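Okay, thanks everyone, I'll keep this short. Have a look at the structure on the screen, and then I'll walk you through a few spots in it.

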Amino acid sequence: MKPIKSFAVAIAGLVLAAASSHAVLLTDLLVSGATIQVGDKIFGNFTWDGTGGPGSAAGINVTGIGTGIGTDLYGIQFGGGLSQVGTGTSDWQLGYSVTIAPGYGNLISDIHQYANLNGTPGSLVNISEDVLNWPGGTVVATSHVGVGINFSNFDPTDPPAELNDTLVLGTPLQQVWIQKDILLQAAGPNDFAAVSILQQRFSQVPEPTTAGCFLLG
């Protein structure tokens with residue numbers, strides 16, 4: 001699997017602006033119509049819920065970093081302290097859409113994800129992801145990243161689990177919808193599990209054109 005490196009950002013939709021090295025609060029992106037454009041990728045329709053409710057998004061920063069040159073693909077990073085300290089379970093759901101901006105003529109073909117995880121041996125971190133072709137539509141790709149009890153790899157559907165994973169779309173799409181579930185579990189009073197960084201970037205292929213058809217005709 002390919003590791004996730006870095007990305008770059010431009011803000012669109014609502015009147016938000018940030019330099020490539022600056023972050024935007026996830027709470028600002030939960031407003032209807034708020035988007036971030038990173039190169040030819042527009043990120044929007046953000047949702048967040050779970051432990052602590054929507055208000056827990058206040059501690060999450062969203063940044064785009066990258067150049068779009070070579071393997072430095074455009075993408076998005078979520079940063080903040082998500083943790084479960086002591087016996088118990090915490091679970092969050094993150095959603096957003098990714099759309100190729102008008103005029104670029106690309107389709108999304110591969111989705112790369114990475115997570116920075118930490119914890120004690122008696123802990124579990126599992127980040128599940130489904131990629132849909134439409135809200136409530138067909139799941140076109142799925143994966144799990146994480147580490148489990150005693151830090152053995154945990155990946156029930158796509159072993160082995162890694163801190164990074166790549167999802168390949170059978171049919172490249174102009175827009176995809178991401179649904180992530182972030183599960184942290186600590187088995188004992190002195191155990192903890194934590195996630196500090198979630199990164200995701202996107203490969204693309206040129207959109208087929210009708211030029212060849214016209215020439216054949």
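Let me start with a quick one: does Leu 73 count as buried or exposed? Bear in mind that this is a predicted model. Leu 73 sits in a loop, the one that runs between strand 5 (61-63) and strand 6 (75-85). Still, the answer is buried, because its relative accessibility comes out at 12% and the cut-off for buried is under 20%.

Okay, zooming out. We've got 2 helices and 13 strands. The protein has 217 residues, and 47% of them count as buried. If you take contacts between residues at least 6 apart in sequence, 73% of those join residues at least 24 apart.

Now the inside. In soluble globular proteins, nonpolar side chains tend to be buried together. Here, the largest nonpolar core has 40 residues, and the ones touching the most other members are Phe 78 and Tyr 96. Strand 7, residues 88-100, is the top contributor to this core, with 5 residues.

So what does Phe 78 contact, once you set aside neighbours within four places in sequence? Its partners include Leu 26, Phe 46, Ile 60 and Val 62, then Leu 94 and Tyr 96, and also Ile 197 and Leu 198. Asn 61 and Ser 196 are on that list too.

Staying with strand 7, Thr 99 lies there as well. Thr 99 counts as buried because its relative accessibility is 16%. Leaving out residues up to four places away, Thr 99 touches Asp 40, Lys 41, Ile 42, Gln 174 and Gln 175.

Two of those names come back when we turn to charges. Side chains of opposite charge can pair when their charged atoms come close. The model has 2 salt bridges. One joins Lys 41 and Asp 40, with 2.7 Å between the closest N and O atoms, and both residues are buried.

The other salt bridge pairs Glu 129 with Lys 180, at 2.6 Å from N to O. That pair ties together distant parts of the chain, 51 residues apart: Glu 129 is in strand 9 (residues 123-132) and Lys 180 in strand 12 (residues 175-186). Glu 129 and Lys 180 are both buried too.

That's it from me, happy to chat.

Technical notes:
Residues numbered from 1 in each chain as written. Predicted model: local features only at pLDDT ≥ 70, side-chain atom pairs only at ≥ 80, totals over all residues. Heavy atoms only, no water. Helix = DSSP H or I, 4+ residues; strand = E, 2+ residues; numbered from the N terminus. Buried < 20%, exposed > 50% of the residue type's maximum accessible area, 1.4 Å probe, protein only. Contact = heavy atoms within 4.5 Å. Core = buried A, V, L, I, M, F, W, Y, C linked by side-chain atoms within 4.5 Å. Salt bridge = Lys/Arg side-chain N within 4 Å of Asp/Glu carboxyl O.
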